[in-house]
Structure formats: C-alpha cells, structure tokens
Amino acid sequence: MTLLDQISDTHRRLLNPSGGCHNCPRKRVDFVPATLLRGPVLWLGEVPDATAVTEQESFAGKAGQLLRRIAGEAGVPEPWSFSNTIHCRPPENAAPKPKEVQCCLSQFVLEEIRDYSIVVLVGRLPLQALFPGARASHFRGNVAYHPDFPSQKFYAIDHPSHLPIFRLH
C-alpha cells in the first residue's frame with residue numbers, strides 16, 4: 001500500500017476546503033505573513049512563535065534560526081521561503097483548532113505552496129493538514145507526493161524544537 005493509498009480522502013478535502021479569514025475564530029490576530037521568495041524550497045511550519053509575530057517573519061525565532069543553520073550546513077539550496085500552516089499565533093501557544101487549520105489552508109497555504117518543487121513539512125501540524133490521517137513515523141525520511149500537487153515533492157521533518165541540540169542553545 002502506498003502513502004497516497006493510506007490518505008485517499010485527502011484529495012477531496014483539499015479541493016473543497018472551508019474557510020477564509022472571515023470564518024476563522026482568530027480573525028487575523030497576531031498574523032504573520034509568509035516570506036515567499038523565488039527558490040526551490042518552501043519550509044511550511046506549524047504556527048508563528050512570539051518572535052515571528054514581533055518580526056513579522058516566519059521562522060524568525062530560536063527554532064527557525066536553528067532550522068536555517070542546519071539547512072545551510074546540509075547544503076539545501078537557497079533562497080528559502082517560509083510559511084506556516086496557521087498564520088495567526090494561537091493564544092498561549094494552544095493547539096490550533098481544526099477550523100483554524102481549514103481556514104488558513106483555503107485562504108493562504110494551498111496557494112502559497114503551489115509554485116515550489118519541494119515543500120518541507122516542519123512538524124506534525126503541516127503534515128496532518130495536507131495529509132490527514134498521516135503518521136509522521138511513516139513520512140519522516142521519505143518523499144511524498146500529493147494528488148493536488150503532482151509535480152511537487154513533500155518531505156516531513158521533526159520540528160527543530162524537538163531536536164536535542166535545540167535544548168543546548
């Protein structure tokens with residue numbers, strides 16, 4: 001059984017998302033826009049952290065700095081683009097509600113990821129948003145393909161804050 005067989009409902013869900021900011025309970029509170037540059041890689045994170053809200057740039061905080069350093073050392077081609085599955089920081093860093101995820105998918109994320117040959121899913125939330133029901137343990141280290149984005153490769157990684165090296169900084 002392929003990864004796409006395991007997530008057969010994903011195609012239908014992404015083609016018919018519900019949402020937009022007008023339907024979202026967050027209503028653009030602590031909103032952080034995507035940083036979209038012309039390059040092959042888009043890093044899709046979970047939610048903005050406090051630093052990202054202040055700087056108005058995704059992946060600007062401690063975890064983002066670690067990710068950028070590790071990606072650079074690994075030779076990932078630049079320039080890099082950054083976005084988040086949820087564009088507004090949830091209060092007290094709470095887990096986003098499914099409606100918030102669907103609203104951001106339909107309003108921003110599906111269009112943002114469209115032009116990148118590689119989309120790196122940083123953490124569990126972007127993986128689950130684009131591949132509902134997917135288990136990170138099956139995706140991590142593997143390239144996945146999505147029926148709505150046939151020319152793109154999706155690659156799931158752990159969030160940098162879960163790496164042992166993160167705690168050393």
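A nonpolar patch on the surface is formed by Val 143, Tyr 145 and Tyr 155, which together have about 260 Å² of accessible area. Patches join residues with over 30% relative accessible area and no salt bridge, like charges within 9 Å and nonpolar side chains (Val, Leu, Ile, Met, Phe, Trp, Tyr) within 5 Å; a salt bridge is a side-chain nitrogen of Lys or Arg within 4 Å of a carboxyl oxygen of Asp or Glu. Areas come from the Shrake-Rupley method with a 1.4 Å probe, and for residues only the protein chains shown count as cover. Val 143 lies in strand S4 (residues 143-146). Val 143 counts as partly exposed because its relative accessibility is 41% (buried is under 20%, exposed over 50%, partly exposed in between).

This is a predicted model, in which local features need pLDDT of at least 70 and side-chain atom pairs count only at pLDDT 80 or more, while totals for chains, interfaces and linings use all residues. Residues are numbered from 1 along each chain as its sequence is written, and side-chain values use heavy atoms, without hydrogens and water.

| Pocket | Volume | Lining residues by class |
|---|---|---|
| Largest | about 410 Å³ | 11 nonpolar, 7 polar, 5 charged |

A pocket is an open set of points on a 1 Å grid where a 1.4 Å probe fits, with protein on both sides within 12 Å along at least five of seven lines, and lining residues have an atom within 4 Å of a point. The largest pocket is lined by 23 residues, and Glu 46, Val 47, Pro 48, Asn 93 and His 159 are the closest to its centre. Helix H4 (62-74) gives the most to this lining, with 3 residues. Helices here are DSSP runs (H or I) of at least four residues, and strands (E) of at least two, numbered from the N terminus.

In the second largest pocket, 17 residues form the lining, and those closest to the centre are Trp 43, Val 76, Val 120, Tyr 155 and Ile 157.

Some backbone features lie in loops. The peptide bond from Glu 78 to Pro 79 is cis, with omega near 0 degrees, and Pro 79 lies in the loop between H4 and strand S2 (80-84). Phe 59 is not a glycine, yet has a positive phi of about 60 degrees. Phe 59 sits in the loop between helix H3 (50-55) and H4, and counts as buried because its relative accessible area is 10%.

Terms used. Points joined across faces, edges and corners; volume = space filled by probe spheres on them. Nonpolar A, V, L, I, M, F, W, Y, C, P; charged D, E, K, R; others polar. Buried < 20%, exposed > 50% of the residue type's maximum accessible area, 1.4 Å probe, protein only.
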